[in-house]
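Thanks, everyone. I'll keep this brief. Here is the structure for today.

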Amino acid sequence: GLVNYAREPGVTILTSGFHKDGPDTSANLVDGKPETSWVTQSAGEKSLEIIFPETRTLGCVQFINGWKQKGEWKDLLENYRLEYHDGEKWIEMAAFDVKDGSYNFARDFQVYGLE
């Protein structure tokens with residue numbers, strides 16, 4: 001089984017902001033419920049940082065982006081970068097950017113049609 005280390009006591013979650021004024025919903029980021037959400041501010045750079053109280057070896061990182069409305073996912077991310085801090089600098093682990101034109105969707109899936 002997978003362990004959600006981000007829910008452990010002592011974990012700190014830092015976000016770049018909120019979409020609207022209101023309560024801090026950053027705890028929703030790690031609650032394991034796809035029906036709850038945190039929405040970042042509309043303008044500017046967005047960020048999410050999870051700080052563990054001790055060193056962890058992670059087997060996977062799962063993000064669900066967008067939100068479900070009438071059975072369809074809306075407002076999916078067009079780009080992201082996943083990094084970790086090695087104690088001295090940030091190291092990029094993964095990146096995705098639809099707008100840069102280098103992403104090959106055919107590598108991940110194909111759509112077939114029959115007439």
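**A walk through the model**

Leu 48 sits in strand β2, residues 48-51. Keep in mind that this is a predicted model.

The cut-offs matter here: buried means under 20%, and exposed means over 50%.

A nonpolar surface patch takes in Leu 29, Leu 48, Ile 50, Leu 58, Val 61 and Phe 63. Together they have about 470 Å² of accessible area.

Next, Gln 62. Find this residue in the loop between β2 and β3, with β3 at 67-69. Gln 62 has 68% relative accessibility, so it counts as exposed. Now look across to Val 30. In sequence, Gln 62 and Val 30 are 32 residues apart. In space, the C-alpha to C-alpha distance is 9.9 Å.

On to Asp 31. This one is in the loop between β1, residues 12-15, and β2. Which side chain of opposite charge is nearest to Asp 31? That is Lys 33, 5.0 Å away. Asp 31 is buried, yet has no salt bridge. There is a backbone contact, though. A polar atom of the Asp 31 side chain lies 2.9 Å from the backbone nitrogen of Lys 33.

Last stop, the hairpin. Strands β5 (residues 79-85) and β6 (residues 90-97) run antiparallel, joined by seven bridges. Four residues lie between the two strands. In this hairpin, Gly 87 takes a positive phi near 105°.

That's the tour. Over to you.

Key. Residues are numbered from 1 along each chain as its sequence is written. This is a predicted model: local features need pLDDT of at least 70, side-chain atom pairs count only at pLDDT 80 or more; totals for chains, interfaces and linings use all residues. Side-chain values use heavy atoms; hydrogens and water are left out. Two strands pair if DSSP finds at least two bridges between them. Patches are made of residues with over 30% relative accessible area and no salt bridge: like charges are joined within 9 Å, nonpolar side chains (Val, Leu, Ile, Met, Phe, Trp, Tyr) within 5 Å. Accessible areas come from the Shrake-Rupley method with a 1.4 Å probe; for residues, only the protein chains shown count as cover. A salt bridge is a side-chain nitrogen of Lys or Arg within 4 Å of a carboxyl oxygen of Asp or Glu. Buried means under 20% relative accessible area, exposed over 50%, partly exposed in between (1.4 Å probe, protein chains only). Lys and Arg count as positive and Asp and Glu as negative; His and the chain ends are not counted. A polar contact is a pair of N or O atoms within 3.5 Å; within protein, one must be able to donate a hydrogen and the other to accept it, and residues adjacent in sequence count only if both atoms are side-chain atoms.
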